[in-house]
Structure formats: C-alpha cells, structure tokens
Amino acid sequence: MQNAHAAARPMYGLVFASSVGTIIEWYDFFLYGSLAIFFSKLFYPPQDGVAATLISVATFATGFAVRPLGSLIFGHLGDRFGRKVTFLATLLIMGCSTAAIGFLPTYATAGYLAPVLLISLRVVQGLALGGEYGGAATYVAEHAPPHERGKWASYIQAMASGGFVLSLAMVLGLRLGLGEQSFGAWGWRLPFLVSIVLVGVSFRIRMRLHESPVFLDMQKNKQLSASPIRDAFTIPGNARRIVTFLFGVACAQAITFYTAQFYALYFLQSVMHVDFLSATLAVALGAVCGLPFFIVFGALSDRIGRKRLSLCGMAAAVILYLPMFMLLRSAVHGTTIDFLPVAGTVFLLVVIAAMIYGPYGAFIVESFPPAVRYTSISIPYHIGNGIFGGFLPLIGLSLVNLTGNVFAGLLYPVAVCIVGFLVTLFFVPETLPVGGDRKRQAASLSVLIPESGQEV
C-alpha cells in the first residue's frame with residue numbers, strides 16, 4: 001500500500017501541473033459564455049433585444065466553430081515537436097486574447113467595430129483551445145499507470161467543468177461586490193484582465209514538466225510522423241476511427257456537457273427570464289456538486305470499461321432530458337426560482353455528462369496510434385465540442401424562438417445523443433481489456449504503426 005502511494009505522488013504533481021493550465025484556459029474561454037447575455041447589451045445594437053441576444057450567443061459559438069482548425073494546427077505541432085511545447089503555446093495565446101477582451105471598446109463608443117473586434121478575439125481563443133485538450137489529455141494518459149489511466153485522465157475533464165465554475169464565480173463575485181452599475185460600466189473588464197496573472201502562474205508551473213515518455217521514445221527511435229495530418233487519415237483504419245468516434249462518443253460528450261453547463265443557464269435566463277443572480281447561483285452550485293463525478297466515472301471506467309459507461313450516459317440523456325427541464329420550468333416563479341430543485345436538476349445534468357466525459361480522456365487516447373495521437377484525438381474532440389456542442393445554445397434558443405415551445409430546444413441534444421448511442425454501440429470498440437489483464441491494459445496505448453512495423 002505504501003509503495004502504491006509513493007508511486008502515485010509523481011502523478012498527482014503531473015496532473016496538477018497539467019490541470020491548472022486546463023482550468024485557466026477553460027476559464028478564459030467560458031468567461032464570454034458566462035457573460036453572453038450581458039454582452040448582448042454592450043457590444044451589439046440595442047434596438048432589438050432578441051436579435052442582440054441571438055447574435056451574442058452566435059459570437060459565443062464562433063469561438064467553438066474555429067476549434068477544429070486549431071486542432072489541426074496544434075495537433076500537427078504536438079505530434080511533430082512534442083506535447084509539452086504545444087500546450088505551453090496554446091496557454092499563452094489563450095491568455096493574451098482573453099486579456100485583450102478586457103481592453104475592448106463597447107458598441108456605444110466604437111459602433112460596429114466593437115463586435116468585429118470581439119468576434120476576432122473569440123476566433124483566436126477558439127484556435128488556442130483547439131490545441132489545449134489534445135495536449136493535456138495525451139500528456140497525462142501517456143504518463144499514467146495503465147490500470148489507472150481512466151482515473152488520472154479524468155482530471156482533465158473535471159477541470160473543464162472547473163473552468164466554467166471559476167468563470168461563474170468570478171463574474172458573480174464582481175457583480176455582487178461592485179454593484180450592477182459599476183460592473184456594467186467597467187467591472188466586466190476585470191475577469192478578463194485577471195487572466196494575465198492566472199496564465200503567468202500556470203505557465204510557470206507547466207514549464208517544470210518533462211516531455212511525455214511515449215513521445216520521447218518515438219523521437220529516440222525515429223518514429224515521429226513527418227506529416228501528422230496526412231498520416232492521421234492514411235494510416236489504415238485511422239480515418240474510420242476518427243469518424244466513428246466523432247459521431248459516436250465525441251458528439252454525445254459535447255452535447256451533454258454543454259447542456260448541463262450552458263444550455264441550462266441560458267434556458268433559465270433567456271427562456272424563463274429568471275434573474276441573473278438566482279440562475280447563476282443555482283447553476284454554479286449544481287456544477288460544483290457534480291464536478292467530482294468526472295473523476296468517479298473515470299476511475300470506474302478502469303474497472304468496467306469506457307464504452308459501457310458512455311452508453312449509459314447517452315441513454316440517460318435521451319430518457320431524462322425532457323422530464324428534467326420540465327422540473328426546471330416548474331421551479332420557476334416569475335423571475336425567481338425554487339433554488340434547491342433547480343440546483344439539484346443541474347447537478348443531475350452534470351452527472352449524466354460525467355458518465356460520458358469522465359472516461360473520455362482514456363477512451364480517446366487509447367483509440368489512436370502514438371505517432372498521430374495528438375492530431376487524431378483533437379479532430380473529433382474539437383469538431384464534437386466546437387460544432388455539436390458550441391452551437392447548442394444558438395440552435396436551442398432559435399428553436400424555442402421559432403416554435404414558441406420552451407422545450408423545443410431539447411430536440412437537438414436528444415437527437416444527437418440518439419445518433420451517438422447507435423454509432424458507439426455498433427462501431428466504436430472498447431479500448432480497455434476488462435478482466436484484470438494488466439499486460440493487455442498496458443498494451444492498449446501501444447498501437448501498431450504500419451510504416452515502421454513496430455509497436456511503440
């Protein structure tokens with residue numbers, strides 16, 4: 001037992017250093033999401049409130065839309081030059097673009113230049129985030145003991161949720177501390193400017209990390225891919241794995257995560273017209289309580305497999321989303337809410353997301369060969385999150401606006417989860433040999449590379 005604890009110590013330090021950067025990058029990216037409804041009044045023409053809200057939400061989606069391009073750029077760099085150097089670069093780019101938002105002029109002072117600059121910075125943020133997850137997940141999983149890969153990799157997923165909670169807490173604290181008038185005049189800039197300090201601390205911590213041992217072995221044995229993007233689609237079977245993982249696990253993971261985190265918040269604020277304080281507090285409490293379950297389900301996947309848990313999460317979403325949002329609606333009274341039922345419902349939404357997202361890091365890393373792993377896992381992850389997940393608030397709110405039915409926005413996430421369930425069930429293989437075979441588990445990160453004829 002003592003040896004096990006001693007062996008775990010380096011992993012705790014490594015995971016902390018990787019995760020602290022991840023939480024800061026997601027904090028930076030989610031700040032706009034936390035303020036999207038608020039920003040509709042600052043950066044867009046005020047004449048039509050509904051149109052301004054939809055455009056502001058569309059700007060939120062813009063940052064997601066470019067993430068697949070970022071995944072190609074930084075995936076290529078990560079497979080060519082190393083995991084560490086690449087996620088250091090993404091951290092700096094994200095931090096600088098986030099801080100720049102804090103200096104932007106508003107529509108009242110700059111007219112249409114204000115939203116153009118805002119959208120441009122969201123694009124830069126999206127490109128940077130396109131390289132973050134692939135680097136952090138690959139780095140941690142390639143260091144983790146084979147029989148605990150799900151547990152250690154799940155910390156990266158938990159930190160994405162942690163970044164969302166941190167952004168909500170920062171915005172909420174400043175709005176309450178400064179008052180609405182001061183926050184609207186200048187206080188909204190502070191959460192973005194604080195990013196400079198947070199990124200500086202995180203960069204210093206990440207600089208102490210060593211490169212992934214899998215990457216160093218490939219470098220030593222001259223097995224690095226000269227063209228990771230090309231090879232990701234030409235290595236036999238790899239393109240098929242990318243496509244099936246995208247339309248299976250990745251799209252369902254994205255939809256359930258953003259339904260729990262953002263659509264629930266937008267549903268309360270924009271559809272049910274709940275006041276900011278009540279909606280934000282309830283969603284933040286539910287998200288905080290659900291956060292440990294990413295790690296719980298990641299560790300559980302080391303015992304029962306990645307695929308089984310993912311399928312359970314998708315099925316739960318399809319069956320329970322409508323009843324859960326009906327419960328949210330029943331807890332709304334004018335602009336106020338019954339706090340605990342709303343927080344409890346958000347908690348359950350997060351738990352459903354965690355069933356898919358907790359095992360996700362190990363699942364996707366184990367699905368692709370090392371020489372093109374950074375690129376291969378980044379493509380489905382960021383198309384799934386950037387397109388399927390990022391456009392969820394816009395599509396959901398548009399469906400509500402078009403139909404007049406407050407639950408119409410759920411048609412989209414439910415349909416995506418049905419597709420994800422069927423594709424995963426029939427086309428995505430389990431990557432974890434279940435049954436205690438440690439040697440086979442250890443081999444699950446070693447995928448045959450046809451060009452070399454060797455395993456790495």
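Residues are numbered from 1 along each chain as its sequence is written, and side-chain values use heavy atoms, with hydrogens and water left out. Because the model is predicted, local features need pLDDT of at least 70 and side-chain atom pairs count only at pLDDT 80 or more, while totals for chains, interfaces and linings use all residues.

**Surface patch.** Select Leu 176, Leu 277, Leu 281, Leu 285, Phe 339 and Leu 340, which together form a nonpolar patch on the surface with about 520 Å² of accessible area. Helix 14 (276–290) and helix 17 (339–357) each give two or more residues to this patch, and helix 14 has the largest share, with three residues. Within helix 14, centre on Leu 281, which is partly exposed at a relative accessible area of 35% (partly exposed lies between buried, under 20%, and exposed, over 50%, with a 1.4 Å probe and protein chains only).

**Interior serine.** Next, select Ser 161 in helix 7 (residues 149–178), which is buried with a relative accessible area of 0%. Leaving aside residues up to four places away in sequence, Ser 161 touches Phe 257, Gln 261, Ala 287, Leu 291 and Phe 294 (contact means heavy atoms within 4.5 Å).

**Helix 20.** Finally, select residues 392–403, the twelve residues of helix 20, which reaches 16 Å from its first C-alpha to its last, close to the 16 Å expected at 1.5 Å a residue. Colour Leu 392, Pro 393, Leu 394, Gly 396, Leu 397 and Val 400, which are buried in this helix, and then step to Gly 404, which follows helix 20 and has a positive phi near 80 degrees.

Key. Patch = residues over 30% accessible without salt bridge, like charges linked within 9 Å, V, L, I, M, F, W, Y side chains within 5 Å. Areas by Shrake-Rupley, 256 points an atom, 1.4 Å probe, with all protein chains shown as cover. Salt bridge = Lys/Arg side-chain N within 4 Å of Asp/Glu carboxyl O. Helix = DSSP H or I, 4+ residues; strand = E, 2+ residues; numbered from the N terminus. Expected span 1.5 Å × (residues − 1).
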